[in-house]
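Trainee: I am new to this structure. Can we walk through it together, one question at a time?

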Amino acid sequence: QRASDYNTLMADVQAFVDAPAERDVPVEEVFSESRWQELKALMAAEGWDVDGTEARWHEDFRSRKIISGFLKDRSIGEKRLASMPDRVTNTIHTRGGSVSCRPTVINCYEGDLGSGDKWWVEWKQFMFATQLATGDGDSKTRPAAMLKPIKRAKYPAVSAEEEAMSLPLQTLSQAIFDAILVHIVNSVSPSGRWQQLRQEMCDALNRHKDTRTLEILQQTYGTTDAV
């Protein structure tokens, strides 16, 4: 049953992305103006200049369609506006061998992402308030402080203006990206079954990977001299 449910979920998500029709709503329907205002205040508190990003939000991002105008916009990928912050904050390894996951659909985050409101509360906390022990000694840092500017020299699709505001711009892009994914999976699986499937997969393929690997080695190759 699990495999059948998973296949159905993947097919439904694919259908949403391939042919969203009326479900291709403006970004501001899944990442609202009030959320932008909260995010703007949090980014300003980091000491970031948010004026350029605010203009981009009002003049561009908020009116884009979530699928055709955002997820399928190749320029967002070319500029690394969502992939760069995801690379840094998706799954952060901390001292002691544990990990801390950003509240998003595409990792093994253990919290409840059953609605956009639940996701947003956790996302803000993680990015701007959660203190993580990532290096040597007793120092700690927050995910927002781990983000790096996106350099035009490495990614020429990025304009000089975008490079200058790349910290707040990538943070907004990441928030929109995560909000869209949460919206999609909750739309196609309103019962929340998608969350159960994801946790089962994470348990099987990620969290207990080392234990399962040792079990296979012991049970299958226990009498073998070399593998």
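Mentor: Start with a definition. Helices are DSSP runs of at least four residues, strands are runs of at least two, and both are numbered from the N terminus. Keep in mind that this is a predicted model.

Trainee: What does the C-alpha trace of the protein chain span along its principal axes?

Mentor: Take the trace of the protein chain along its principal axes.

Trainee: Where is D5, and which residue does its side chain join in a polar contact?

Mentor: D5 lies in helix 1, residues 2-18. Leaving out residues up to four places away in sequence, D5 touches R193 and L197. The polar contact between side chains is 3.0 Å, and the partner of D5 is R193.

Trainee: Is helix 1 parallel or oblique to helix 10?

Mentor: Two packed helices are described by the angle between their axes and the distance between the axes. Helix 1 and helix 10, residues 166-188, pack at about 120°, with axes 10 Å apart. That angle makes helix 1 oblique to helix 10. The handedness of their crossing is right-handed.

Trainee: Which residues in helix 1 meet helix 10, and how many of the contact residues are nonpolar?

Mentor: In helix 1, L9, D12, V13, F16 and V17 make the contact. They meet H183, I184, V185, S187 and V188 in helix 10. By class, this contact has 1 charged and 2 polar residues, and the nonpolar number is 7.

Trainee: Are helix 2 and helix 3 roughly parallel or roughly antiparallel?

Mentor: The axes of helix 2 and helix 3 are 11 Å apart. Their packing angle is about 175°. Angles over 145 degrees count as roughly antiparallel. Helix 2 and helix 3 are therefore roughly antiparallel.

Trainee: Which residues in helix 3 meet helix 2, and how many of the contact residues are charged?

Mentor: From helix 2 come E33, W36, Q37 and K40. From helix 3 come T53, E54, W57 and H58. The contact of helix 2 with helix 3 has 2 nonpolar and 3 polar residues, and the charged number is 3.

Trainee: Which residue meets R62 in a salt bridge?

Mentor: The count for the model comes to 15 salt bridges. In one of them, the N to O distance is 3.7 Å, and R62 pairs with E33. R62 sits in the loop between helix 3 and helix 4, 29 residues away from a partner in helix 2. That partner is E33.

Trainee: How do helix 7 and helix 10 run, roughly parallel or roughly antiparallel?

Mentor: The axes of helix 7, residues 116-128, and helix 10 come within 10 Å and cross at roughly 150°. Helix 7 passes helix 10 in a right-handed crossing. G116, W119, W123 and F128 of helix 7 make the contact, with T171, Q174, A175, D178, A179 and V182 of helix 10. By their angle, the two helices are therefore roughly antiparallel.

Trainee: Where is T130, and what separates its C-alpha atom from that of K140?

Mentor: T130 is in the loop between helix 7 and helix 8. T130 touches Q125, T141, R142 and P143, not counting residues up to four places away in sequence. T130 and K140 are 10 residues apart along the chain, and their C-alpha atoms are separated by 9.4 Å.

How values were computed: Residues are numbered from 1 along each chain as its sequence is written. This is a predicted model: local features need pLDDT of at least 70, side-chain atom pairs count only at pLDDT 80 or more; totals for chains, interfaces and linings use all residues. Side-chain values use heavy atoms; hydrogens and water are left out. A polar contact is a pair of N or O atoms within 3.5 Å; within protein, one must be able to donate a hydrogen and the other to accept it, and residues adjacent in sequence count only if both atoms are side-chain atoms. Contact means heavy atoms within 4.5 Å. Axes are lines fitted to C-alpha atoms, for helices over the stretch in contact, and angles run from 0 to 180 degrees between N-to-C directions. Angles under 35 degrees count as roughly parallel, over 145 as roughly antiparallel, 65 to 115 as roughly perpendicular and the rest as oblique. A crossing is left-handed if the near helix is turned anticlockwise from the far one by less than a right angle, and right-handed if clockwise. Ala, Val, Leu, Ile, Met, Phe, Trp, Tyr, Cys and Pro count as nonpolar, Asp, Glu, Lys and Arg as charged, and the others, Gly among them, as polar. A salt bridge is a side-chain nitrogen of Lys or Arg within 4 Å of a carboxyl oxygen of Asp or Glu.
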